[in-house]
Amino acid sequence: MTVTRLCILGCGGFIGSHLLDRLLSEAGFEVIGIDTASTKIKCHLTSPGFSFVPLDIENSAAVRPFIQRCDMVVSLAALCNPSLYNTIPVRVIENNFSQPRAVVAMCSEYKKRLVHFSTCEVYGRTISGYAGRPSGGAIERFNEDCSPFVLGPIGAQRWTYACAKQLLERLIYAYGFERGLEFTIIRPFNFIGPRMDFIPGIDGEGVPRVIACFMEALLFQKPLKLVDGGKNRRTFTAIEDAINAIMAIIKKPDKAKGQVFNIGNPANETTIAGLAHRMRDIYQQLNPKSAGRTIDIVNVTSEEFYGQGYEDSDRRVPDISKAADLLGWKPAIDLDEALCSTMRSYIEDYGKFAAETKQQ
């Protein structure tokens, strides 16, 4: 049996840990995992076929020999937290373009296949949203090969992340065109599941993404904050569905070569306000002790929540027909099931901290 050796950059994060679960459960894979933390993958540190290397990809010279040894590089390392985009924009650009560009060059130099994780944020706003008319009628689905990228002005530094990721995509494509790099680019649409973001004050500081923000509020009985009324719309994708897509990309190199794939679930669209109400209801089902307690949902401005220079996408719905046609992939898990799994894990991981806080 042929064994594929993968080098996963960012193996210890949310997506990386779930991908590692799947790869190590199947025959035919050896994995070199590179990350600065191993908390989420500690159960695999002694697993056969897995080698963990505690490194920051910023140290490209140290990463180089591991890329040389592998057949394929899966690049997950990124700085992807909206609260940072307009507060530490230089670091955001460096982490999402300047540092990973060395990885792209090494994959090209050593003729290694690259599976790179970009972001759905490269699309920016919908055309109607950019014109000041948030799209609430006909669905504007983003297509990988023809949708334009519509970002805000330079002063709106919220777009530093999207712009850095977009430029890296263009660099990867250029290496493929000019130097024969074999690549696949993945644009994730809001993957959710166990082992997601941190809870501030417990295992991280700052402002996490929306699911963790709402879970902190629910666990500690704080108001759920809707930025600018929570009118913007998102689709959410169960991590299990996402991993199925990633495995199809890994196993079908001929179909995936030179392609960009949206990986998301168009059926799981909701406004952020709708998400808040949905999560509050599900939380009361999962945690009956909370029944009868009123948890408020309040509006805050984006400047109050994120600071100056913040803008947002009005709607992000993926066209996933290419993934269906080339990979045979379609998502199967609906939003309520995905939220239940995600929220249950937060309750299990952080419930004791919330209980201790209430006793104080």
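User: What separates Y346 and Y350 in helix 14 (residues 335-359)?

Analyst: Y346 and Y350 are four residues apart in helix 14, so about one helical turn separates them; helices here are DSSP runs of H or I with at least four residues, strands are E runs with at least two, and both are numbered from the N terminus. This is a predicted model, in which local features need pLDDT of at least 70 and side-chain atom pairs count only at pLDDT 80 or more, while totals for chains, interfaces and linings use all residues. Residues are numbered from 1 along each chain as its sequence is written, and side-chain values use heavy atoms, with hydrogens and water left out.

User: Is Y346 buried or exposed?

Analyst: Buried means under 20% relative accessible area, exposed over 50% and partly exposed in between, with a 1.4 Å probe and protein chains only. Y346 has 3% relative accessibility and therefore counts as buried, and Y350 is buried with a relative accessible area of 8%.

User: How many aromatic pairs does the structure hold?

Analyst: A pair of aromatic rings is described by the distance of the centres and the angle of the planes. Rings of Phe, Tyr and Trp (its six-membered ring) pair if their centres lie within 6.5 Å, and planes under 30 degrees apart count as stacked, over 60 as edge-to-face and the rest as tilted. The structure holds eight such pairs. In one of them, the ring centres of Y123 and F189 are 6.2 Å apart and the planes stand at 35°, so this pair is tilted. Y123 belongs to the loop between strand 5 (113-117) and helix 6 (127-130), and F189 to the loop between strand 7 (183-188) and strand 8 (191-192), so the pair ties together parts that are 66 residues apart in sequence. Both Y123 and F189 are buried. For Y346 and Y350, by contrast, the centres are 5.7 Å apart and the planes at 25°, so that pair is stacked.

User: What order do the seven strands of the open sheet have?

Analyst: Strands of a sheet pair through backbone hydrogen bonds, either parallel or antiparallel. Two strands count as paired if DSSP finds at least two bridges between them. In this model, the open sheet of seven strands has the order 3-2-1-4-5-7-12, with parallel pairing. Its edge strands, strand 3 (50-54) and strand 12 (259-263), each pair on one side only. Within the sheet, strand 5 and strand 7 run parallel and are joined by four bridges, and V115 stands opposite T184 in strand 7.
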